[in-house]
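Here are my notes on the two-chain model, as numbered points. Have the coordinates open while you read.

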Number of protein chains: 2
Amino acid sequence: MRQMVESASTDGRRARGDRTRRAVLDQAVQAASLDGLGGLTFGSLAGVAPVNKSGIAGLFGSKERLQLAVVEHARTLFVDAVLAPARAAPPGLRRLWALVGSWVDYSRSRVFAGGCFFRTAEIELDGQDGPVRDAVVAAHQEWEGYLRHHVELAAAAGELAADVDAEQLVFEITALLGGANDRSLLLDDDAVYGRASAAVRAVLVARGADPAELA
Amino acid sequence: MRQMVESASTDGRRARGDRTRRAVLDQAVQAASLDGLGGLTFGSLAGVAPVNKSGIAGLFGSKERLQLAVVEHARTLFVDAVLAPARAAPPGLRRLWALVGSWVDYSRSRVFAGGCFFRTAEIELDGQDGPVRDAVVAAHQEWEGYLRHHVELAAAAGELAADVDAEQLVFEITALLGGANDRSLLLDDDAVYGRASAAVRAVLVARGADPAELA
């Protein structure tokens, strides 16, 4: 009986810790999307949850571990916003096109206040070394790999030319999407998302896609 | 006679001040291309020239004026590296293609240690307000305007389709070039510059350019 009470109490503390951690990470990804991961401090995050600076430090341990947790949290939000909705489309060309659409929605709707979290983090960390940069690079590679996989499925299914250069195509798609994100933020230009979608469509049609599949 | 001596002495001081200012700015643009304009301090630049921190503060006055001078200096270096060599090509399509080539050389050869200075500054400042952001936006607009001008000349000369959407085309070109810069830095991938050139070539040919003009 005493053991059950203790266990319930431990579970309660753990649940509170998880909620606090989540609240801190929700705030931290937003701040990092605007000002970069380097600007995150335990002090700047105090106040977003019912714990003070040393409570937050206790939850994460070190600034580097906080930054790694933030990258992982951003990755989860990215998957929820971009990959999950696109899963309604069948693998191959239609999934690829759905991913382009959900990426545009993700950037445009400011899931992260500063636009795509990873765009900011990539530019910030590209001249640095260490586990945080590695985590950002891994997330980038994972995203490119996922796109490449669906390019290859599309080529195998005859939805794109059989000899399509998947790496070239994925470079073009990600450059156009990233460019739209950056330009919309810099110049407050929402129309650029339409330009990016039109450009990706042209790039796919030039590789043999049936325009009717890109609704 | 005394006036001439005093004037020569004033000129000497001014020349030394100009050299110091130039040395500080040369160092500052490199540092900012890696770590952003926000990381610049008078203290971090002391030691690059025969003046101390307060000497540098005296030359620039305020951190904001230092940042503005750095943006202007970066703009000058960009013009020297990208626009000047392309002036050998005639206006219109060939100038446009020469600009793409010199931009690739500029990014690839790391005129700025952290890749294109303006890519870093744009991502850093896009969520901020003030004269430094305005200066970065103005430089971006100037570059896009220059590209657009040569797209329009090319269309008027029949080198591109007469109904080409210049803004769409310039968006695609700058997104592909920027994407190559960013990817080369993040993934240490030099091959991406060839991918960007091939993609811009395809984009121009799709708008009616004669491939023979894109040598």
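1. Contacts first: two residues are in contact if their C-beta atoms, placed from the backbone, lie within 7 Å. Going by that, A:Phe117 is in contact with A:Val29, A:Ala32, A:Ser33, A:Ala74 and A:Phe112, once its neighbours within four places in sequence are left aside. A:Phe117 belongs to helix H6 (residues 117–125) of chain A; helices (H or I, at least four residues) and strands (E, at least two) are DSSP runs, numbered from the N terminus.

2. Some housekeeping. This is a predicted model, where local features need pLDDT of at least 70, side-chain atom pairs count only at pLDDT 80 or more, and totals for chains, interfaces and linings use all residues. Residues are numbered from 1 along each chain as its sequence is written, while chains are lettered from A and ligands numbered from 1 in the order in which they are written.

3. Among contacts in chain A with a separation of 6 or more, 62% are between residues 24 or more positions apart.

4. On burial, I use this scale: a residue is buried if 20 or more other C-beta atoms lie within 10 Å of its own, exposed if 12 or fewer, and partly exposed in between, with C-beta atoms placed from the backbone. Of the 215 residues of chain A, 42% count as buried. A:Phe117 counts as buried because it has 27 C-beta neighbours inside 10 Å.

5. The largest one has 122 residues, and A:Val70 and B:Val70 touch the most other members. Not counting residues up to four places away in sequence, A:Val70 touches A:Leu25, A:Ala28, A:Val29, A:Ala32, A:Leu37 and A:Leu40.

6. Now a helix pair in chain A. H4 (residues 63–86) and H7 (residues 131–156) of chain A pack at an angle of about 10 degrees, their axes 9 Å apart; axes are lines fitted to C-alpha atoms, for helices over the stretch in contact, and angles run from 0 to 180 degrees between N-to-C directions. H4(A) and H7(A) are therefore roughly parallel to each other, given that angles under 35 degrees count as roughly parallel, over 145 as roughly antiparallel, 65 to 115 as roughly perpendicular and the rest as oblique. On the H4(A) side the meeting residues are A:Glu64, A:Gln67, A:Leu68, A:Val71 and A:Arg75, and on the H7(A) side A:Pro131, A:Val132, A:Ala135, A:Val136 and A:Ala139.

7. Compare H8 (residues 166–187) and H9 (residues 192–206) of chain A, which pack at about 170 degrees with axes 9 Å apart. That makes H8(A) roughly antiparallel to H9(A). Residues making this contact include A:Leu169, A:Ile173 and A:Leu176 of H8(A) and A:Ala196, A:Ala199 and A:Val203 of H9(A).

8. For the interface, 29 residues of chain B are in contact with 29 residues of chain A. Helices H6, H7, H8 and H9 of chain B each give two or more residues to that side, and the largest share, 13 residues, comes from H8(B).

9. As for symmetry, chain B can be laid on chain A with an RMSD of 0.0 Å by a turn of 180 degrees and a shift of 0.0 Å along the axis (superposed by least squares on the C-alpha atoms of residues with pLDDT of at least 70 in both). That is the relation of a two-fold axis. In chain B, the C-alpha nearest the axis belongs to B:Ala175, 2.8 Å from it.

10. Last, B:Asp182, found in helix H8 of chain B. Buried or exposed is B:Asp182? B:Asp182 is buried, with 27 other C-beta atoms within 10 Å. Beyond residues up to four places away in sequence, B:Asp182 touches A:Glu122, A:Ile123 and B:Arg119.

Technical notes. A nonpolar core is a set of buried Ala, Val, Leu, Ile, Met, Phe, Trp, Tyr and Cys residues joined through C-beta atoms within 7 Å.
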